[in-house]
Amino acid sequence: QKVPDRLRPSCPSCDVIFSMPLKRRHHCRLCQDVFCDSCSSGRASLPFEGEEYTKPVRVCTVCQKDVENGNFFSMRRYLTPLQLYDGQDDWGGDVNSDGTKSGEFTSKNVCAALSSLAEDLEALLLDSTSFTEKVTIAPDVLVPAICRHLKSQDTCDYAIKVLATLLSLGNVVGDNRFLIEVYTQADYNIFDDILTLLEWSGSSTKTLAVQEQAAQTLFYLTDSKVIADILRLGEEK
């Protein structure tokens, strides 16, 4: 889903403020997010249908790296609804000629993005050899994008599943960066949110699944090696 211009007052890559005519907005044709010209100066041939894709199209710097590695279905395409959904499903978006709204991110968009992200991560659990090529979103970007949805009843079950799978995958490949980011993330009370999910009452399938994923997440977060890494980082600071 193409990100509406109004949702990006600044470039998400370099934070430059958009201002006409000096700093215009440009859409990356792969992740559909909005960037300044400098951060979307690359061109790439994409294997998509449509007249637009018969020639090289504009892509952002991050997607350019993915394309160069043969990754045309970057996980970054899930990122924008996770970052931009504001928790409200009733705000007005652009209106199409037929009266329908477009350019809106809703909780359904978030759930769909989290569900697809979980599927991609689960596939990597089965074959982690392409972990480095597939998981190209930095931990300090991906972890908060996921964890900001742990509080909402509409999205928390999807978010905790993605977080548990991500930490499990990191454990498999020996990459603790995502675990460490959960500890060092200052914008969200991630541990409190996980404990809240663990304490859900009831015996429904959803409740049991959420509790299981929350317990799995805490299992990886309390691993002795992770704790040692956190303490070491604290001493270095």
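The accessible surface of the protein chain comes to about 12600 Å², and 49% of that belongs to carbon and sulfur atoms. (Accessible areas come from the Shrake-Rupley method with a 1.4 Å probe, and for residues only the protein chains shown count as cover.) What you're looking at is a predicted model, where local features need pLDDT of at least 70 and side-chain atom pairs count only at pLDDT 80 or more, while totals for chains, interfaces and linings use all residues. Residues are numbered from 1 along each chain as its sequence is written, and side-chain values use heavy atoms, with hydrogens and water left out.

**The whole chain**

The protein chain has 10 helices and 6 strands; these are DSSP runs numbered from the N terminus, with helices (H or I) of at least four residues and strands (E) of at least two. Its radius of gyration is 19 Å, close to the 18 Å that the globule rule gives for 237 residues, so the chain is as compact as a globular protein of that length. (That radius is taken over C-alpha atoms, and the rule is 2.2 Å times the number of residues to the power 0.38.) Along its principal axes, the C-alpha trace spans about 50 × 40 × 35 Å. Buried residues make up 44% of the 237, where buried means under 20% relative accessible area, exposed over 50%, and partly exposed in between (1.4 Å probe, protein chains only).

pLDDT is the predictor's confidence in each residue, from 0 to 100. The chain averages 88, and 92% of the residues score at least 70. Confidence is highest in H6, at a mean of 96, and lowest in strand E5 (residues 94–95), at 50. Over residues 95–100 pLDDT stays under 50, and the model has 4 contacts beyond four places in sequence for them; a contact means heavy atoms within 4.5 Å. Where pLDDT is low, the predicted coordinates should not be read in detail.

**Helix H6 and the core**

The largest nonpolar core has 64 residues, and Leu117, Leu150, Leu163 and Ile194 have the most contacts inside it. H6 supplies the largest share of this core, 8 residues. (A nonpolar core is a set of buried Ala, Val, Leu, Ile, Met, Phe, Trp, Tyr and Cys residues joined through side-chain atoms within 4.5 Å.) Leucine 150 touches residues including Ile160, Leu163 and Ile194.

Among the buried residues of H6 are Cys156, Leu163 and Gly170. Their cover includes H3, H4, H5, H7, H8 and H9. The buried residues of H9, in turn, pack against H6, H7, H8 and H10. The expected span of a helix is 1.5 Å times one less than its number of residues, and here's how two helices compare with it:

| Helix | Length | Distance between end C-alpha atoms | Expected span |
|---|---|---|---|
| H9 | 17 residues | 24 Å | 24 Å |

Threonine 155 sits in the loop between H5 and H6. It is buried, because its relative accessible area is 1%, and its contacts include Ser107, Leu114 and His149. After H6 comes glycine 174, with a positive phi near 75 degrees.

Aspartate 15 isn't a glycine, yet its phi is positive, about 70 degrees. It is found in the segment before strand E1 and counts as exposed, because its relative accessibility is 55%. Glutamine 32 also has a positive phi, near 70 degrees. It lies in the loop between E1 and E2, but glutamine 32 is buried, with a relative accessible area of 17%.
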